[in-house]
Amino acid sequence: MAKKKEVLKSSMSGKGRRAIKKIPTYINGLDEILNGGLPAERTTLIVGEPGSGKTVMGMEFVYRGANNGEPGIFLGFEEPLKSLRQNAFTFGWDFPSLEKEGRLFLMEGRLPPEIIVSGQLSLKPLLSIISGKAKEMKAKRIVMDALDVAFRLFDEPVQVRAELHQLLEWLAKSGLTSLLTLKPREYPPGSLFQDFFYSMADCVINLDTKILNQVSTRRLWVAKYRGSSFGRNEYPFIISEKGIRTIPITCFELRHKPFGQRISSGIPSLDAMLGGGYFQSSCILLAGEPGTGKTLLCSTFVQKVCQAGEKVLYVSFEESPAALIHNVTSAGVFLEPFEQAGNLKIMGAMPEATGVEEHLIKLIDLVEEMKPQHVIIDAISACERMAGKEASFDFLMRFLNFLKERGITSILTNQTTGTKSQIEISGNGISSMVDTVIFLSYIQGEKEINRLIQILKCRGSGHSNQIRKFMIKDDGFKILD
Amino acid sequence: MKKERISDKPRSPAHYHFRLFVAGDEINSRKAQETLHQICTRYLPGQHKIEIIDVLKDYKAALTNEIFFAPTLVILSPPIQTKIVGSLNDPQKILDVLGLAKTKEDE
């Protein structure tokens, strides 16, 4: 108790230079944006339209708290408890067990359907309930979802203000870290309700959904955080099957792992051109026109490293896994056994199926689960179908950054359309991420078409400056002398 | 008509059972208590029972009865679903809910 008082005192005096006390939300990525979490024992406001994710964020806040030694109360003014529990189950959150163990208390604050108002009233019973319950279960967190509903019975603004004041004052003294949610539409800026909350809350988080090129993206944005720094951008987030996920690039310092040892591309003559092969944890781009053999070049590498017992995640944005496996067999590359053995995972995905965040989080989850040494993305040119050039850039930069931080080799293919411009070859402005560029092309002779391979860039190594002919035979990729 | 019915068939003494949830001695709660007593004395003499529950002392009662506002009047008998919240500044509303007409001297 003495300790708690001291903290309150120093923060209230405003003189203490000490950073304010925070509690982590334990929500994926959110604490990074909030620079550690929500202000402890203070009030945070979440503002968002219906469907923007306020309730989920509130539920996750108490759920994660309950699992980290901080019992919590969830007071919902809109949803019946039954549907709250069901929704929680869809994220794998077992509310009933936590309730039984006294780590979570759910309460439905909906107004009874048959209620008559006669004269002035107060919210004291509600406060009495939560205060009694909070003491009983030693709660640390409280969420009041759609609190505004509770004020619908009050018709005089003066009364609303008085009740709100009492509520927030009670919260401030309660020692609970509170999260209140509010819909902006019903209480536009300038309205008493919103102004009051904005000024009383120590932290305000806005949630919204934006449609960009027909793909909707949820975004969150911290509008205010008293006494703390915070990420000031708009951060995309998703509501995944595990709850809220966001992968903010808040600290974009480069933490890339240095190159590891040489690894064979699976084609000895190409290794020679590269001065000894690819580097582990580097990023290799294979650019070229359709049909030049980019997928085969990747698959040859995949076969080689899988033979050595290493693991590969192959992200295929253009072909289904079955089609991919089948098509490369004609050139003597057999991936099926490795897929069956678990060394190779081919993830077929339609780029336009979801937004950048969903793709990114799905892939990051897969990488963390599978722990591959190498990742193939075939093809990055298809990524633009996610939601345009900008979205594609966003996706690639963040995914490649993630891979480089973990020392994972990435091989990207990029389909060019024959302009041979450097920008198009390196693909969507990601050239700073790319360490090696191999370019494949055709040259049309009188009676034949010749395929050509050249190395445009190879960081950290001397490399061949030649343009070499190559052929695709039934036993694979052959570079001619 | 309704009043006649009541006088025709005298009910058991505690036929009207009220439970009033109050928040300590705050002014709205006090007013509600006064009004309820007045109504009972005038319209339901000898056939009412009033329970007063202070939610500040007994939060569990508020929780089990889902009382979030004070004062709240719950009518247990006759069984009436409607809850009346507020300082009960309009006795007519209670009479309406109970299905009682005003006596002549009121009019």
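The legends below describe close-up views of a predicted model. Residues are numbered from 1 along each chain as its sequence is written, and chains are lettered from A in the order in which they are written. Because the model is predicted, local features need pLDDT of at least 70 and side-chain atom pairs count only at pLDDT 80 or more, while totals for chains, interfaces and linings use all residues.

**View 1. The contact between chain A and chain B.** Chain A contributes 20 residues and chain B contributes 28 residues to the contact; two residues are in contact if their C-beta atoms, placed from the backbone, lie within 7 Å. On the side of chain A that touches chain B, strand E6 (115–117) and helix H6 (124–137) are the elements that give two or more residues. Helices (H or I, at least four residues) and strands (E, at least two) are DSSP runs, numbered from the N terminus. H6(A) gives the most to this side, with 6 residues. By residue class, the side of chain A that touches chain B has 11 nonpolar, 7 polar and 2 charged residues. Here Ala, Val, Leu, Ile, Met, Phe, Trp, Tyr, Cys and Pro count as nonpolar, Asp, Glu, Lys and Arg as charged, and the others, Gly among them, as polar.

**View 2. Strand pairing between E6(A) and E4(B).** E6(A) and strand E4 (residues 83–85) of chain B run parallel and are joined by 3 bridges; two strands pair if DSSP finds at least two bridges between them. A:Val117 has B:Val85 in E4(B) as its bridge partner.

**View 3. Two cis peptide bonds.** In chain A, the bond from A:Asp378 to A:Ala379 is cis, with omega near 5°. A:Ala379 sits in the loop between strand E18 (374–378) and helix H14 (389–405) of chain A. In chain B, the bond from B:Ser77 to B:Pro78 is also cis, with omega near -5°. B:Pro78 belongs to the loop between strand E3 (72–77) and E4 of chain B.

**View 4. Positive phi at A:Lys138 and B:Glu66****.** Most residues other than glycine have a negative phi. A:Lys138, not a glycine, has a positive phi of about 55° and lies in the loop between H6 and strand E7 (141–145) of chain A. A:Lys138 counts as exposed because it has 12 C-beta neighbours inside 10 Å. B:Glu66, also not a glycine, has a positive phi of about 55°, and its place is the loop between helix H3 (59–64) and E3 of chain B. With 17 other C-beta atoms within 10 Å, B:Glu66 is partly exposed. A residue is buried if 20 or more other C-beta atoms, placed from the backbone, lie within 10 Å of its own, exposed if 12 or fewer, and partly exposed in between.
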